[in-house]
Amino acid sequence: MCGIVGAIAQRPVAAILLEGLKRLEYRGYDSAGIAILEGPGQLNRSRTLGKVARLAEEVAAHPLPGLTGIAHTRWATHGEPATHNAHPHICRDRCTIVHNGIIENHEQLRAAQREAGHRFTSETDTEVVVHAIYDQLAAGHDLLEAVRNTAAELQGAYALGVIDTQDPERLVAAREGSPLVIGIGFGEHFIASDVFALLPVTHRFIFLEEGDIAELTRERVRIWDRDGHLVERPVKTSNLALDAAERGEYRHYMLKEIFEQPQAIADTLDDRLSGNRLRPECFGNEAEALFAEIKAVTIVACGTSYHAAQVARYWIEAFAGLPCSVEVASEYRYRRHVVPEQALFVTLSQSGETADTLAALRQAKQSGYRATLAICNVPESSLVRESDLVLLTHAGPEIGVASTKAFTTQLVALLLLTLALGRGRDIDETEEARLVGLLRSLPLKVEEVLRLDEQIAMLAESFVDKQHTLFLGRGEQYPIAMEGALKLKEISYIHAEAYPAGELKHGPLALIDEQMPVVAVAPNNALLEKLKSNLEEVRARGGQLYVFADFQVPLDETDGVNVIRLPETDDLLDPLIFTIPLQLLAYHVAVLKGTDVDQPRNLAKSVTVE
Ligand code: AGP
């Protein structure tokens, strides 16, 4: 989703801003732009369609000198991806803005501004903001007042960076619903959508809160809350290494992140286990007593995180004996729901900034849940800050749009939650020791599965010319099939659907013919025989089967049946183990197809708008 960088410094800022944009590329975008104040009243802007590298070439050809500037990567919402829609937007050479979010009342504002004589040069919702700020400045307000008064007129979500060409000594930023951080330097200050963008220039950050407006000069940063009170926000030091978000020797971030899974899983388990036990305090000091009172669990998430939640439903009901419901956040937030008595509301998110998940959490907090818990990969995210309890996954930065290590570490965190909820219920000490032992064995098991990489790369050739693929699973492998299908469609653009295998005969069987590859996840569990019958139904109709099965599964490789063997493991770990080859399959198919693996078309990493 859109990325923002801004700087007010004692040195030229063009290179800093461009590097910041490069580091935000992972968020997904279609165009980029930069505006730099060369001197009072002199603003220079450059915008390009496509990659930041193109913008950098443009700036190299036509340098933008100046010590204050803003820059942006745009992910189109209103108006096609095009140079004239790219940010920064400027009004009458006076002020310029970059924006992330959606202004919901842009149509009313636009109509009124047109009437008042403003000319529009884009189809974006953002352009009304720059005109509104201009009107405030023209009416005699200073930049801070102009932004504050404009913010009061806006409905929707925004993170803003604003410069007034007549007031070159400051940069103003505002946040409502979209993330924004301030980077603290020495004699220079910065804004950005996330900390990665600013790691080359600082490791000290202030995370703006909802409704905050900030004024940055070279010397200081001042922040006002939504009620107009001057407030102090804590300065936090990030311990992320400068290269934390770099690709290293890997061809793509996604491949790097797939191979980082053993370490990410080990890190997520680290210091949460002690001997044969789960550390009671890992969900916070109050959690143990609170969990003892919980009678039901609701989990809300989007995309890949939703699939992890679906797996957790099986675990929480089977091991902890608690009813668990799971829903996609965009649906949950817009319906009236019955809140079960003493229920725990869990949100699951890699980024912690997903607009729908955040909105669902805010709604749940008003609805009478006993407590809220966020399972998240980003410690300073909105979701973490707004939840009662937190369990961080320690996946490290995930840059590839297709979520991989974030998913498997979420599953690990959800197993820890299952254990914590199951204690004193269906999980006794012996069972806890068994589960903890299995968790500890997980990083090595995942390493073993990663050795299938070459074999799966060869298998990928069978999928390259396909238009459609069906993924099948049963039980907790059904969400894994869903995740496999999502991975394949998002990076290879092959249409992929997942079904619980028992549903085949209720409709999707009609799709099966010799052209239809069917991927099945088949661990050696209680549902294996049922699944095998479903696979027979596919074979009988000529479908091409690609079955991921562990060594114990009696399945013969015959014409039309390809079997990929995985190391055998306990049922509990199967969802994690069977995810890995599906990630690799999607990756290799995408590479063979030559798609943009890390930044697939139309998608954004952090979905901060509805
Ligand atoms: C997964 O590969 C996706 N790109 C996407 O579905 C993602 O999981 C979803 O947008 C939710 O993001 P979150 O975990 O940051 O909330």
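**Strand pairing and packing**

Tutor: In this predicted model, strand S9 (residues 181-184) pairs with strand S11 (residues 204-207) in the antiparallel sense, over 3 bridges.

Student: Which residue in S11 stands opposite Val181?

Tutor: S9 and S11 are joined by 3 bridges. Across this pair, the residue in S11 that faces Val181 is Phe207.

Student: In the open sheet of 8 strands, what is the order?

Tutor: The pairing in this sheet is antiparallel. Its edge strands, S3 (42-49) and S15 (236-237), each pair on one side only. The order is S3-S2-S4-S1-S10-S9-S11-S15.

Student: Is strand S1 largely enclosed or open, and how many of its residues are buried?

Tutor: Gly3, Val5 and Ala7 point one way from S1, while Ile4, Gly6 and Ile8 point the other way, and all are buried. Buried here means under 20% relative accessible area. S1 (residues 3-8) is therefore largely enclosed by the rest of the structure, and the count of buried residues is 6 of the 6.

Student: What is the bridge partner of Ala7 in S4?

Tutor: S1 and strand S4 (residues 68-74) run antiparallel and are joined by 6 bridges. Within S4, the partner of Ala7 is Gly69.

Student: And what is the bridge partner of Val5 in S10?

Tutor: S1 also pairs with strand S10 (residues 189-192), again in the antiparallel sense, over 4 bridges. The partner of Val5 in S10 is Ala192.

Student: Helix H2 lies across S2, S3 and S4; at what angle does the helix run to S3?

Tutor: H2 covers residues 52-61. S3, the strand used for the angle, is an edge strand of the sheet. The angle between H2 and S3 is about 140°.

Student: Which residues does the "domain: SIS" annotation cover?

Tutor: The annotation comes from an unreviewed UniProt entry and has two spans. Residues 287-427 are 45% helix and 20% strand, with end C-alpha atoms 17 Å apart. Residues 459-600 are 35% helix and 22% strand, and their end C-alpha atoms lie 22 Å apart. The annotated residues are 287-427 and 459-600.

Student: Does Asn602 count as buried or exposed?

Tutor: Asn602 sits in the segment after helix H18 (574-593). Its C-alpha atom is separated by 36 Å from that of Val339, 263 residues apart along the chain. The cut-off for exposed is over 50% relative accessible area. Because Asn602 has 62% relative accessibility, the residue counts as exposed.

Notes:
Residues numbered from 1 in each chain as written. Predicted model: local features only at pLDDT ≥ 70, side-chain atom pairs only at ≥ 80, totals over all residues. Heavy atoms only, no water. UniProt positions renumbered as here; feature names shortened; annotations may be inferred. Helix = DSSP H or I, 4+ residues; strand = E, 2+ residues; numbered from the N terminus. Buried < 20%, exposed > 50% of the residue type's maximum accessible area, 1.4 Å probe, protein only. Pairing = 2+ DSSP bridges. Contact = heavy atoms within 4.5 Å. Axes fitted to C-alpha atoms, helices over the stretch in contact; angles between N-to-C directions.
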